[in-house]
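Thanks for making the time this morning. I would like to walk you through one structure slowly, so please keep the sequence and the picture in view while I talk.

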Amino acid sequence: MGLSEPADRFAAAHLAALKMAAAILETRPRPTSRSFKHASAWVLLTKVTPELENWSNYFAAGSAKRKAAEAGITRFISAQDADDMVRQTAAFLEIAESMVGA
């Protein structure tokens, strides 16, 4: 996460959290309800691991900023936003790694 631009740091950290969410989802049975067929990873993560609901909510709230950063729209992401995302992602990865046996 040593990228210099805040938007790049934010996007990289958020993407790392998303990849970890996908890894957790691979280890758990998926909900069979049709309403979850096209749900986001964060919605599914909350459904299969309710103990991660706060994390899911946090990262879901950052999804639009990550998408904006990936599209080159960087004005909405401050250095503080990026630092917070990097810090929260590091904490999430530490917790999540124990769930997937990494």
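Predicted model: local features only at pLDDT ≥ 70, side-chain atom pairs only at ≥ 80, totals over all residues.

The 18 residues of α3 should span 26 Å at 1.5 Å a residue, and the C-alpha atoms at its ends are 25 Å apart, which agrees; the expected span here is 1.5 Å times one less than the number of residues in the helix. Residues are numbered from 1 along each chain as its sequence is written, and side-chain values use heavy atoms, with hydrogens and water left out.

Where does α3 bend? The bend, of about 35°, is at Ser-63, and by bend I mean the angle between axes fitted to the seven residues ending at a residue and the seven starting there. After α3 comes Gly-72, which has a positive phi, near 90°.

Now to what α3 hides. Buried means under 20% relative accessible area, exposed means over 50%, and partly exposed is in between, using a 1.4 Å probe and protein chains only. By that rule the buried residues of α3 are Trp-55, Ser-56, Phe-59, Gly-62, Ser-63, Arg-66, Ala-68 and Ala-69, and they pack against α1, α2 and α4, where contact means heavy atoms within 4.5 Å.

Stepping back for a moment, the chain has four helices and zero strands, so that the pattern read along the sequence is α-α-α-α. Of the 102 residues in the chain, 32% are buried. Among contacts with a separation of 6 or more, 67% are between residues 24 or more positions apart.

What does the largest nonpolar core contain? A nonpolar core is a set of buried Ala, Val, Leu, Ile, Met, Phe, Trp, Tyr and Cys residues joined through side-chain atoms within 4.5 Å, and the largest one here has 22 residues, with Ile-24, Trp-42, Leu-45, Leu-52, Phe-59 and Phe-92 making the most contacts inside it. Two or more residues of this core come from each of α1 (6-26), α2 (41-48), α3 (53-70) and α4 (79-100), and α1 gives the largest share, nine residues. As a general remark, nonpolar side chains in soluble globular proteins tend to be buried together.

Rings of Phe, Tyr and Trp (its six-membered ring) pair if their centres lie within 6.5 Å, and planes under 30 degrees apart count as stacked, over 60 as edge-to-face and the rest as tilted. The count by this rule is six aromatic pairs. One of them joins Trp-42 and Phe-59, which are stacked at 5.2 Å centre to centre with 25° between the planes. Because Trp-42 lies in helix α2 and Phe-59 in helix α3, this pair ties together parts that are 17 residues apart in sequence. Trp-42 is buried at a relative accessible area of 5%, and Phe-59 is buried too, at 0%. The rings of Trp-55 and Phe-92 have centres 5.7 Å apart and planes at 45°, so that pair is tilted. With Trp-55 in helix α3 and Phe-92 in helix α4, the pair ties together parts 37 residues apart in sequence. Ring pairs link Trp-42, Trp-55, Tyr-58, Phe-59 and Phe-92 into a cluster.

Next, the surroundings of Phe-59. Leaving aside neighbours within four places in sequence, Phe-59 is in contact with His-14, Ala-17, Trp-42, Met-85, Gln-88, Thr-89 and Phe-92. Thr-89, which lies in helix α4, is buried with a relative accessible area of 1%, and, with residues up to four places away not counted, Thr-89 touches Ala-13, His-14, Ala-16, Ala-17 and Phe-59.

I will finish with α2. Its buried residues are Trp-42, Leu-44, Leu-45 and Val-48, and, seen down the axis of α2, they fall within an arc of 160°, so they line one face of the helix; the arc is that of the directions from the helix axis to the C-beta atoms. These buried residues of α2 pack against α1, α3 and α4.
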